[in-house]
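Keep the sequence beside you as you read.

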Amino acid sequence: MYEEAVRRFLESQGKKLLIVGVLIRDTQPNEADLQGRGKALALTLPAPTRVELFAWYLPVPISQWPALLREGSHAN
């Protein structure tokens, strides 16, 4: 799989790749959070490059995330 991926990447002159962006927020969902970045990337990255942007909106304030992560690391 690695060799096939490298072959495709080289044959495309470095354009056939997938860029994945993840946004994690503690606010209400808002389409505008990704819309501007998506439009800017679409204008600057040539085909066959693919971009996938994901936003996760968590119902917990960001200030509580470190404590939740610590709790989760101790759960077995």
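## Starting in the opening helix

R7 has a relative accessibility of 36%, so this residue counts as partly exposed. You will find R7 in helix α1, and the model you are looking at is a predicted one. The side chain of R7 has a partner in the side chain of E11, with a polar contact at 2.6 Å.

## The overall layout

Stepping back, the protein contains three helices and two strands. Following the sequence, these elements come in the pattern α-β-α-β-α. The radius of gyration is 18 Å, whereas the globule rule gives 11 Å for 76 residues, so the protein is more spread out than a compact globule. Its C-alpha trace covers about 45 × 35 × 10 Å along the principal axes.

How much of the protein is buried? Buried residues account for 5% of the 76 residues. The accessible surface amounts to about 6,400 Å², and carbon and sulfur atoms hold 60% of that surface. As for charge, there are 9 positive and 8 negative charges, and their mean positions lie 6 Å apart.

Contacts along the chain are worth a look too. Taking contacts between residues at least 6 apart in sequence, 72% of them join residues at least 24 apart.

## The loop between α1 and β1

Helix α1 covers residues 2-11 and strand β1 covers 18-25, and Q13 sits in the loop between these two elements. Most residues other than glycine have a negative phi. Q13 is not a glycine, yet its phi is positive, at about 60 degrees. Is Q13 buried or exposed? With a relative accessible area of 67%, Q13 is exposed.

S12 belongs to the loop between α1 and β1 as well. The cut-off for buried is under 20% relative accessible area, and S12 counts as buried because its relative accessibility is 15%. The side chain of S12 reaches the backbone nitrogen of K16, at 2.7 Å.

## The loop between α2 and β2

Now move along to the loop that links α2 (32-44) with β2 (50-57), where T49 has its place. T49 counts as buried, since its relative accessibility is 15%. Which residues does T49 touch, leaving aside its neighbours within four places in sequence? T49 is in contact with K15, K16, L17 and I19. For K15 there is a further detail: its backbone oxygen lies 2.2 Å from a polar atom of the T49 side chain.

P48 is also in the loop between α2 and β2. Most peptide bonds are trans. The bond from A47 to P48 is cis, and its omega is near 10 degrees.

## A glycine in α2

Finally, find G36, which is placed in helix α2. At 46% relative accessibility, G36 counts as partly exposed. Where does G36 stand relative to F9? The two are 27 residues apart in sequence, and their C-alpha atoms are 27 Å apart in space.

Key:
Residues numbered from 1 in each chain as written. Predicted model: local features only at pLDDT ≥ 70, side-chain atom pairs only at ≥ 80, totals over all residues. Heavy atoms only, no water. Helix = DSSP H or I, 4+ residues; strand = E, 2+ residues; numbered from the N terminus. Rg over C-alpha atoms; globule rule 2.2 N^0.38 Å. Buried < 20%, exposed > 50% of the residue type's maximum accessible area, 1.4 Å probe, protein only. Contact = heavy atoms within 4.5 Å. Areas by Shrake-Rupley, 256 points an atom, 1.4 Å probe, with all protein chains shown as cover. Lys, Arg positive; Asp, Glu negative; His and termini not counted. Charge placed at Lys NZ, Arg CZ, Asp CG, Glu CD. Polar contact = N/O pair within 3.5 Å; in protein donor to acceptor, adjacent residues only side chain to side chain.
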